[in-house]
Amino acid sequence: SYKEKIVIGGNHETVLDRLRENPKDIQALFSNATYLQDSGTTLFDGRLSIWGSPWICRKKFLLYPATKEFSSMIGFGLAFAHSQDDEELIEKRKMIPTGVDFLVTHSPPFEILDYNLKHRVGDVVLRDEVLNRVKPRVHMFGHNHYGFGTEKTDDTLFINAALDNGLNWASPMKFKYCLETKEVVMLKYGPQNEDSELVAEVKPHSTLKLSHS
């Protein structure tokens, strides 16, 4: 078991979505974890800062009340959804503190581990804020189940930790982070042994090649 657990919502957490106007009510559902919704926490006497945000982007027509209700019934997943140009979403992205150590979002940034075999599902505003202002040491997300893996810029290690790629289950990721240097010093994912240590070979991350948008 882990001493500290961080939880955010996502597009299938419809129960949490109904309570999103009152994050304290969501926190009350968790007895052994910290829920983050456009909010942060610190660990190790303030030496590690973490910010969490659950929001995703969807096409506007999917967000009309009748469409959204039907889509939720069939499991399409519209919890915590906004359109990309929604001013509320833009403001929520701007709330992310500059220089936070760990950023945890449900959605990936645009063009970063966000290709789902047909098109990109990442958030354009999130990309701009993360790359140009926030520059977290580690940015963790999921949502795009086909993007499991890592990419890296000079400032940030990006981790898509979505385990189910629609065909099979990937292995959980595990990394070690040095509080003194603020660097990821080990990254592994692979089968686990009985001692819960990841024994697979360390997979090299790819260097992110940025394109102009």
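At what angle do helix 4 and helix 5 pack, and how far apart are their axes? Helix 4 (residues 87-94) and helix 5 (residues 124-134) pack at about 20°, with axes 9 Å apart. That makes helix 4 roughly parallel to helix 5 (angles under 35 degrees count as such).

This is a predicted model, where local features need pLDDT of at least 70 and side-chain atom pairs count only at pLDDT 80 or more, while totals for chains, interfaces and linings use all residues. Residues are numbered from 1 along each chain as its sequence is written, and side-chain values use heavy atoms, leaving out hydrogens and water.

**The helix pair**
- Helix 4 passes helix 5 in a right-handed crossing (the near helix is turned clockwise from the far one by less than a right angle).
- Ile90, Arg93 and Lys94 of helix 4 make the contact with Val125, Leu126, Glu129 and Arg133 of helix 5 (contact means heavy atoms within 4.5 Å).
- By class, this contact of helix 4 with helix 5 has 3 nonpolar, no polar and 4 charged residues.

**A look at Lys94**
- Lys94 counts as partly exposed, because its relative accessibility is 44% (buried is under 20%, exposed over 50%, partly exposed in between, with a 1.4 Å probe and protein chains only).
- Setting aside neighbours within four places in sequence, Lys94 touches Glu129 and Arg133.

**Nonpolar cores**
- The largest nonpolar core has 16 residues, and Leu48, Ile50, Phe102, Val138, Met140, Ile159 and Tyr177 touch the most other members (a core is a set of buried Ala, Val, Leu, Ile, Met, Phe, Trp, Tyr and Cys residues joined through side-chain atoms within 4.5 Å).
- Apart from that core lies another, of 12 residues, including Leu103 and Leu126.

How values were computed. Axes fitted to C-alpha atoms, helices over the stretch in contact; angles between N-to-C directions. Helix = DSSP H or I, 4+ residues; strand = E, 2+ residues; numbered from the N terminus. Parallel < 35°, antiparallel > 145°, perpendicular 65-115°, else oblique. Nonpolar A, V, L, I, M, F, W, Y, C, P; charged D, E, K, R; others polar.
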